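This report describes selected features of one protein model. The sequence and structure come first, and the notes follow.

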Amino acid sequence: MSAADGEPKKLNFIEEIIEKDRQSGKWDGRVQTRFPPEPNGYLHIGHAKSVLLNHGLADRYGGRFNLRFDDTNPVKEEDHYVHAIVNDIRWLGARWEGMSGDDPLAGVLFASDYFDRMYAWAEQLVEAGDAYVDDQTPEQIRENRGTLRSPGKDSPFRDRSPDENLDLLRRMKAGEFPDGSKVLRARIDMQSPNLNLRDPIMYRILHAAHHRTGDAWCLYPMYDWAHGLEDSIEGITHSICTLEFENHRPLYDWFLERLGIHHPQQIEFARLSLSHTVMSKRKLRELVEDGTVAGWDDPRMPTLAGLRRRGYTPESIREFCTRIGVAKFDGISEMALLEHCLRQHLNQVAPRFMAVLNPLKVVITNYPDEQVEHLDAVNNPEDPSAGTRQVPFSKVLYIERDDFMEDPPRKFFRLAPGREVRLRYAYFVTCTDVIKDDAGNVIELHCTYDPATRGGDAPDGRKVKGTLHWVAAAQALAAEVRLYETLFTVENPNKVAPDAAARGEDWRFNLNPNSLKILPQAWLEPALEDVPVGGQVQFERLGYFCCDADSNDQRRVFNRAVTLKDAWARISKQVSK
């Protein structure tokens, strides 16, 4: 019996933890979560899973959800990224505490808001002998940290007195020392089997302007130090992270216990990895900076901005994240499943139109030269309330070049010499002549039509096997159509052969050279002129498309979001056998 039949929804392991906490009265039954992005790039679909998980938990249990930027590295952070991330989260449908429709940043929190309190706590640890200023170079610190098989070595500055450390820290904050000359480290255990506990760095000197605080600071906190303090300040109850932070949890706990402040529970889950792409922000940035893609919002990118521009809907992404669930072990989710979720949603909501991407001219020789008819066409067979529209029909048309063959094989049911087919919503037509250029290429077809078959049915009951889409040439809109495929040709581009470097190969080796195909001379039915930028439609028989921001008054631009063929449905059917 499924949840739809009345059985309660099965809880994931994080929900089970929260249920137990609420039953025990932990935090007075309160649930408060957060999503803490770094403003140094765009969100990708892996971030979407985290946003939706954290927001969903707070919403389910009547709690609070915070959007907080972890802006602790001024070298890589920009306001541009802040606004892009806020826009993406709004688009996904998540609502954070204090959010307002008038001010896009209303209620948004920043780690930089807490810099003063973080620094005060750093002094507290220094005074307690739990932190010290280290003068070693970055290379020396890295070398003396040890490895998983060998213990670390104490810094020669580890036993400085609290007074000396406090004086040095205050001088670091005052800007007295150059970048990289000193760091503040926690004094924990250089012999620990967990490398994160081998006297981790808490602060480093960076004489760099911050996107919010300007030049007020030259001493910036490291993520592991700042992360737990931010959670504590905000009263977070469940600090939900991806699995790579599991080994960092003892450090998260150590800092909060030493300070004696509110101590949230860190819980780790498996990140979302998607086939045929990369999710590393560093690698995505490289693709942008080296010109492999046209920007963070290139429709081939797994960024939310890229997916949105391609034609993905927030509903489809939410459904995808629901289907893959919340797990404790990493895995790769199929791109085909994401496409299936989009296809399912757009099938319900996208209006249908006719467009010809690779045109072949057709002249209806027995149709009046100046006559134009307007035929009724269904906007969405899945939604009767969407009604109908008028499509112009005239003597000269365009059909898809692939819908004609001069010498067709036995199972080709589309147009051929002497064959009759149906034009969608229009008439039966028969090909009577094929016009070619000097090179023998077909450039034009001559056909006759049967006036009695208006609407697509013959009064005498005769049947045709082929139905073609078309557009009237005189009324058609010129368009550029961009056909997108996966960015990489292999499921896991990160998996590189051991000898790849010797062959001059890296993770880029399997970039798909056919990930973008531009069709510069497509023709659309005139009703598509009213589709706004970002609007999703179905081009009948071709797929789902989205109007791109590059559109202008002279030429519309449409991106293919997904084809009509459902690879995931086929995969699921095979697995179930």
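## Asn-54 in helix 2

Asn-54 is buried, with a relative accessible area of 0%; buried means under 20% relative accessible area, exposed over 50%, and partly exposed in between, with a 1.4 Å probe and protein chains only. Its place is in helix 2. Helices (H or I, at least four residues) and strands (E, at least two) are DSSP runs, numbered from the N terminus.

A polar atom of the Asn-54 side chain lies 2.9 Å from the backbone oxygen of Ser-50. Leaving out residues up to four places away in sequence, Asn-54 touches Thr-33, Arg-34, Phe-65 and Ile-240, where contact means heavy atoms within 4.5 Å.

## Basis of the model

This is a predicted model, in which local features need pLDDT of at least 70 and side-chain atom pairs count only at pLDDT 80 or more, while totals for chains, interfaces and linings use all residues. Residues are numbered from 1 along each chain as its sequence is written, and side-chain values use heavy atoms, with hydrogens and water left out.

## Helix 3 and its packing

Helix 3 covers residues 79-92, which is 14 residues. From its first C-alpha to its last it reaches 20 Å, close to the 20 Å expected at 1.5 Å a residue; the expected span is 1.5 Å times one less than the number of residues. After helix 3 comes Gly-93, with a positive phi near 105 degrees.

Buried residues in helix 3 include Tyr-81, Val-82, Ile-85, Ile-89 and Trp-91. Which elements do the buried residues of helix 3 pack against? They pack against strand 1 (32-35), helix 2 (45-60), strand 2 (64-69), strand 3 (109-110), helix 10 (304-310) and helix 11 (314-324).

## Cysteines

The count of disulfides comes to 0, a disulfide being a pair of cysteine sulfur atoms within 2.5 Å. Cys-321 is in no disulfide, and the nearest cysteine sulfur, that of Cys-341, is 8.9 Å away. Cys-321 is buried, with a relative accessible area of 10%. Cys-218 also counts as buried, at 8% relative accessibility.

## Positive phi outside glycine

Asp-28 is not a glycine, yet it has a positive phi of about 55 degrees. This residue is found in the loop between helix 1 (13-24) and strand 1. Is Asp-28 buried or exposed? Asp-28 is exposed, with a relative accessible area of 78%.

His-276, likewise not a glycine, has a positive phi of about 65 degrees. The loop that holds His-276 runs between strand 10 (273-274) and helix 9 (281-289).

Note on methods. Polar contact = N/O pair within 3.5 Å; in protein donor to acceptor, adjacent residues only side chain to side chain.
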